[in-house]
Amino acid sequence: MFGKKKKPHAKQQPYNPQKQTPAIRASICTGEQVAGFLDTGTGKFEEAMCIRGEKDLEEFCAQYAVKREDIKKIW
């Protein structure tokens, strides 16, 4: 009633292995981790989901058919 109108979330584009690299962007200060995809052409990071623990990381790997060894960590 007295709040801002919530914007709908942008739809996540499907993972394209030819143009994107799976990555986890981590904060050095807070330890917050976000999984997503790094565009190899532009270097732009596209967020997919927040990683709070091992279960979230497993879910990310299963959802996008990504191996843990292929995930790059960005600081």
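Helices (H or I, at least four residues) and strands (E, at least two) are DSSP runs, numbered from the N terminus. In that notation, the elements of this chain follow the order β-β-β-α-β from the N terminus on. The structure is a predicted model, in which local features need pLDDT of at least 70 and side-chain atom pairs count only at pLDDT 80 or more, while totals for chains, interfaces and linings use all residues. Residues are numbered from 1 along each chain as its sequence is written, and side-chain values use heavy atoms, with hydrogens and water left out.

**Figure 1. Overview of the chain, with one helix and four strands.** Buried means under 20% relative accessible area, exposed over 50%, and partly exposed in between (1.4 Å probe, protein chains only). Of the 75 residues of the chain, 27% count as buried. Accessible areas come from the Shrake-Rupley method with a 1.4 Å probe, and for residues only the protein chains shown count as cover. The chain exposes about 6200 Å², of which carbon and sulfur atoms supply 53%. Contact means heavy atoms within 4.5 Å. Among the contacts in the chain with a separation of 6 or more, 32% are accounted for by residues 24 or more positions apart.

**Figure 2. The hairpin of strands β1 and β2.** Two strands pair if DSSP finds at least two bridges between them. Strand β1 (residues 20-26) runs antiparallel to β2, and seven bridges join them. One of the residues involved is A26, whose bridge partner in β2 is Q33. Six residues lie between the two strands, and G31 in the turn has a positive phi of about 85°.

**Figure 3. The hairpin of strands β2 and β3.** Here, too, the strands run antiparallel, with six bridges joining β2 to β3. G36 has E47 as its bridge partner in β3. Five residues separate the strands, and G43 in the turn has a positive phi of about 80°. Strand β2 (residues 33-39) is largely enclosed by the rest of the structure, because five of its seven residues are buried. A48 is found in strand β3 (residues 45-51) and is partly exposed, with a relative accessible area of 28%. A48 and G36 are twelve residues apart in sequence but 4.5 Å apart in space, C-alpha to C-alpha.

Figure 4. At 22% relative accessibility, Q33 counts as partly exposed. Not counting residues up to four places away in sequence, Q33 touches I24, R25, A26, C50, I51 and K73. The C-alpha atoms of Q33 and G53 are 9.2 Å apart in space, with the two residues 20 apart in sequence.

**Figure 5. The largest nonpolar core, with eleven residues.** A nonpolar core is a set of buried Ala, Val, Leu, Ile, Met, Phe, Trp, Tyr and Cys residues joined through side-chain atoms within 4.5 Å. The members are I24, A35, F37, M49, I51, L57, F60, C61, Y64, V66 and I71. Two or more residues of this core come from each of β2, β3 and α1 (54-64), and α1 gives the most, with four residues. Leaving aside neighbours within four places in sequence, L57 is in contact with I24, I51, R68 and I71.

**Figure 6. The cysteines C29 and C61.** C29 is exposed, with a relative accessible area of 77%, whereas C61 counts as buried at 10% relative accessibility. A disulfide is a pair of cysteine sulfur atoms within 2.5 Å. By this rule the count is zero disulfides.
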